[in-house]
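Thanks, everyone. Let me walk you through one structure, starting with a helix pair and then moving to the aromatic rings.

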Amino acid sequence: METQKREEKHLSIVVIGASGDLAVKKIFPALFSLYCRNLLPKNFHCYGFARTPMSNEAFRESLMRRLTCRYTPGEEECRKLMDAFLARCFYIEGNYDDHASFLKLKSILEENEPQEQQVIRLFYFSVPPFLFMPVANSLSDAGLTSNIPEKRSCRVVIEKPFGRDRKSSDELTAGL
């Protein structure tokens, strides 16, 4: 029963800061590894959001150079998995404190998310800590992080030092 529910959900993974080293060298290869092992829902898309001007094709090319197939036998199978994964990856250029950029992101997400399925949005912050609050505020102001019971839930992942000390950590916690 749980497997059936999992397949009915759509996952939108948005990596904020997608043109940086952490995203290209670690985050997207890790997502590809999960894909190869069938650990992502059948219905998912990955989005890269960053300031660097780049097309979807250029973004996919930069990712492909870092993907490896540790969990699949054979070069042909690996290439098929890479092609299938990369076809689910999109790039959105935008500024981290620009409301219009996040409205563009929202529009693209809504365009690609199915109306008939529950949607989970996961926002992964792959940006320096000083950008956490501007990005969080921009996501909120654009209505990207609002949970709608039975329709959409949102999560934010922050994988960096959370503040410089107790005071700055408390400020980030309160702000988020």
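Start where two helices meet. From α2, the residues F28, L31, F32, Y35 and C36 make contact with L81, M82, A84 and F85 of α4. Look at the make-up of that contact: nine residues are nonpolar, none is polar and none is charged. Keep in mind that this is a predicted model.

Now the geometry. Helix α2 covers residues 21–36, and helix α4 covers residues 75–86. Their axes come within 10 Å and cross at roughly 115°. Which hand does the crossing of α2 and α4 have? It is right-handed.

F32, Y35, F44 and F85 form one aromatic cluster. Of these, F32 and Y35 belong to the α2 side of the helix contact, and F85 to the α4 side.

Stay with α2 for a moment. I27 is found in this helix too. Is I27 buried or exposed? Its relative accessible area is 8%, so it counts as buried; the cut-off for buried is under 20%. What does it touch? Setting aside residues up to four places away in sequence, I27 touches V15, L22, Y124 and S126. For a sense of scale, take D165. I27 and D165 are 138 residues apart in sequence, and their C-alpha atoms are 26 Å apart in space.

Next, a loop. T68 sits between α3 and α4. Its relative accessibility is 44%, so T68 counts as partly exposed. Leaving out neighbours within four places in sequence, T68 is in contact with F32 and M82. Both of those residues are also part of the contact of α2 with α4. And C36? T68 and C36 are 32 residues apart along the chain, with 10.0 Å between their C-alpha atoms.

Back to rings. How many aromatic pairs does a search of the whole structure find? The number is 10. Here is one of them: F59 with Y91, a tilted pair. The centres are 5.1 Å apart, and the planes make an angle of 40°. This pair links distant parts of the chain. F59 is in helix α3, residues 56–64, while Y91 is in strand β3, residues 89–93. The two are 32 residues apart. Both F59 and Y91 are buried.

R60 lies over the face of F90, at 5.2 Å from the ring centre.

That's the tour. Questions, please.

Methods
Residues are numbered from 1 along each chain as its sequence is written. This is a predicted model: local features need pLDDT of at least 70, side-chain atom pairs count only at pLDDT 80 or more; totals for chains, interfaces and linings use all residues. Side-chain values use heavy atoms; hydrogens and water are left out. Rings of Phe, Tyr and Trp (its six-membered ring) pair if their centres lie within 6.5 Å; planes under 30 degrees apart count as stacked, over 60 as edge-to-face and the rest as tilted. Helices (H or I, at least four residues) and strands (E, at least two) are DSSP runs, numbered from the N terminus. Buried means under 20% relative accessible area, exposed over 50%, partly exposed in between (1.4 Å probe, protein chains only). A charge sits over a ring if NZ of Lys or CZ of Arg is within 6 Å of the ring centre and within 35 degrees of the ring normal. Axes are lines fitted to C-alpha atoms, for helices over the stretch in contact, and angles run from 0 to 180 degrees between N-to-C directions. A crossing is left-handed if the near helix is turned anticlockwise from the far one by less than a right angle, and right-handed if clockwise. Contact means heavy atoms within 4.5 Å. Ala, Val, Leu, Ile, Met, Phe, Trp, Tyr, Cys and Pro count as nonpolar, Asp, Glu, Lys and Arg as charged, and the others, Gly among them, as polar.
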